[in-house]
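Please look through the sequence and the structure shown below before reading on. The report that follows then takes up a few places in turn.

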Amino acid sequence: MPFSGYANGVLSPRLLKFMFGQHILSGFSVAAGVGAVAVVASACFGFTAGMVAGSGAICVSIGDQPNPLPLKAATLPIAWGLAVCASFPAALAIDMPWLEGLTVVFFGIVAGMLLGWGRWAIPLSILTMLAIVFTLGTPIDGFNEALRYEALFAGGGLAYVFVALAVTHLVDASGRRLAVGECLREFAAYLRVVANLYETEIDRASVYVRVIEQQAALSDHLQTARSLVFSGRRRDVTLSLAAALVVLLDTLDALVSANADRAPARLVEASSPLAQRIAGLARLMAGDLERLALDLLTGQHHLHLPDRQEALEGIAAEASRLASQPAADRRLIRAGRMTRSRFNWATRHLQRLPAVLDRRAAAEEILEDVDLDAFVPPQSRSLSILRGHMHHSSPVFRHAIRLGLSLGTGYALIALIPALSHGNWILLTIAVILRASYSVTRQRRNDRMAGTLIGCVIAGMLLWVAPPTVLLGIMLVAVGTAHAFGRVHYRITSIAACVMALLSLHLLDPVEAPPVLARLFDTVIGISIAYLFSRILPRWEHQDAQQLVTGLLRGTTIYADRCLRWNIAQQSYRLARKTLIESLAALSESAARMKGEPEHVRALWPEYGRLLAASYATAAQIVTVRLIIRNRGKDLDPRTSESLLDATRRDVLSLLDPSLPLPEYLATAPEPTIEAGTEADEVLALRCAEVRHAAWTLRQIASQPWTVSSPKDARQL
């Protein structure tokens, strides 16, 4: 059996994430594309000219992110245009320090403003700055030499666009499969965190935060997978991969619902063996999905998930034993039954994955009434969006000003201090470290310093002993590695980027003594400037808190509006679920970033934790109502149920409306008055009452002030 050692624990989940994934394919494709451009250009125009063309390819390659072919065909020309627009003025401004400085500042601001398009534009921002750094680091003598340089740079970048599109066409199927494999892996990680909810001696609030953080990571991978898998022609393989994503999300519903009415906490507090069995099953399911992901990532056929019937029977036996105890609390009994039901369904639903991934018929059954195109994330490239950010209160505009001024400061040091005349590394360090978020800048500062130290040692050894052709090969490996691990592990990217940049700048402008120590010194200067400017016109996370909380309430409102109905189209429900997951992810990511900010502006962090837990609990209660309608619909009276759902929906929507007052009578959770065998209508009525209480709790937490206007306010909080 391929990779059978994994079943024995040879490959850890962390190692699986590092070694197998779309990032490896992306890094390899980029390295191959840059290498092809550099080698062909060197053969045609000479080694030095090949390095210039290769630098153009490297810049454009930063914009080569995992995307379907049509989206790449629209994005890569923009990347090429930005690289050329930034490098050409820099090439013409050579030997005119004042004009060089203006060029650096102007395009630093442009690079910052590009972030107004959203997260997808981060690579465009970086490549714009990198194009200037490479150009300023190349010896150019006169106007004619500048034109020749720009022709080679632009030609190399343009050639890379065509090579990248051709490679994408060739590896399209593999890229889709890898994207879904990564979602399986992230779902397995989610299951491992969920298992912690059923363990004793834990900080439950912090575990809920980790659950939502992992759900946010899953959401991020789902965004990429949707873009790749849901676009293009509906082939058998594409349909199977799309159906697999739908299976994962349907299973997520069941796992979220298992948290309704504090079920995990009740089982743990009662020291029920059922909790231990559930934790064990969750970890077994996680291991099963990791093996399935590995088989999918490596292109194996005849996929398989083991039967977990024995574990399910053990859970059923514990739930029955719990229900048979005369003195057992009703809520505890109900928690046991519901937990058994949810995990039983989730396990059996996940076991459909091999069939779904192997057979079109099974996939079409899952995808019935699902419009895949509606789930493809939009990617707006309108200039009007950027113009809308051109005001002082915009975080994008403030970051653009910070970025332009910091790069200008770095250039001023290079121009004024002769010892820093080859200090383009200072600009490069500022460009890759300074981010709109202070906490991300701080983390990158640490990773960059460690990565640069290691990278300089590696590059220094190579520059002393290796000939140019070997350096070119190693540089291409470094390009691919830096590209591959940018979102997986930035320190690895920092090491590879350091090696790549040192070798690239050396090949563009060979010197007798490798400038390794100088690069370390330049790194310290660049880090210091970036960190200093991260405190100028700062945009702290709490300043966006109210907007995120409002978005969360809006997402929960949409979700409740779709779920709390007797009849609702699957498409409408799935879109509402996507909106809620993304709003939760946005809040979770903000909370994670806040933990890295100075203490006086992260006083809201504990409240974020409460809000995330309350939101998760509310979603659990809402989806439980939907599952009752789905699983026990035949036992429900349609007219009575529809009337109850309409009334509940109206109440919940008003509770989640920040403009309306909160009624006090919902502050107390409803007491369960149902026994085993209770009619489905009574079960639904109780669940609707619990939804109201959960919505009340969420709104109460969300109604507090979410802005720290001064350190004094932070201390009071």
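## A first question

Is Phe375 buried or exposed? With a relative accessibility of 6%, Phe375 counts as buried, where buried means under 20% relative accessible area, exposed means over 50%, and partly exposed lies in between, using a 1.4 Å probe and protein chains only.

This is a predicted model, in which local features need pLDDT of at least 70 and side-chain atom pairs count only at pLDDT 80 or more, while totals for chains, interfaces and linings use all residues. Residues are numbered from 1 along each chain as its sequence is written, and side-chain values use heavy atoms, with hydrogens and water left out.

## Aromatic pairs

Searching the whole structure gives 8 aromatic pairs, a pair being two rings of Phe, Tyr or Trp (its six-membered ring) with centres within 6.5 Å, called stacked if the planes are under 30 degrees apart, edge-to-face if over 60, and tilted for the rest. In one of them, the ring centres of Phe187 and Tyr190 lie 5.9 Å apart with the planes at 50°, so this pair is tilted. Both residues belong to helix 8 (residues 172–196), where, being 3 residues apart, they are separated by about one helical turn; helices here are DSSP runs of H or I with at least four residues, strands are runs of E with at least two, and both are numbered from the N terminus. Phe187 is buried at a relative accessible area of 0%, and Tyr190 is likewise buried at 0%.

The rings of Phe230 and Phe375 have centres 6.3 Å apart and planes at 80°, so they form an edge-to-face pair. This pair links distant parts of the chain, 145 residues apart, with Phe230 in the loop between helix 9 (204–229) and helix 10 (236–257), and Phe375 in the loop between helix 16 (360–366) and helix 17 (383–387). Phe230 counts as buried, its relative accessibility being 4%.

## Charges over rings

A charge sits over a ring if NZ of Lys or CZ of Arg is within 6 Å of the ring centre and within 35 degrees of the ring normal. The charged end of Arg626 sits over the ring of Tyr573, 3.9 Å from its centre, and Arg630 lies over the face of Trp345, at 4.3 Å from the ring centre.

## A buried threonine

Thr339 is placed in helix 14 (residues 330–350), and it counts as buried because its relative accessibility is 0%. Leaving aside residues up to four places away in sequence, Thr339 touches Tyr198, Ala258, Ala263, Leu267 and Ile278, where contact means heavy atoms within 4.5 Å.
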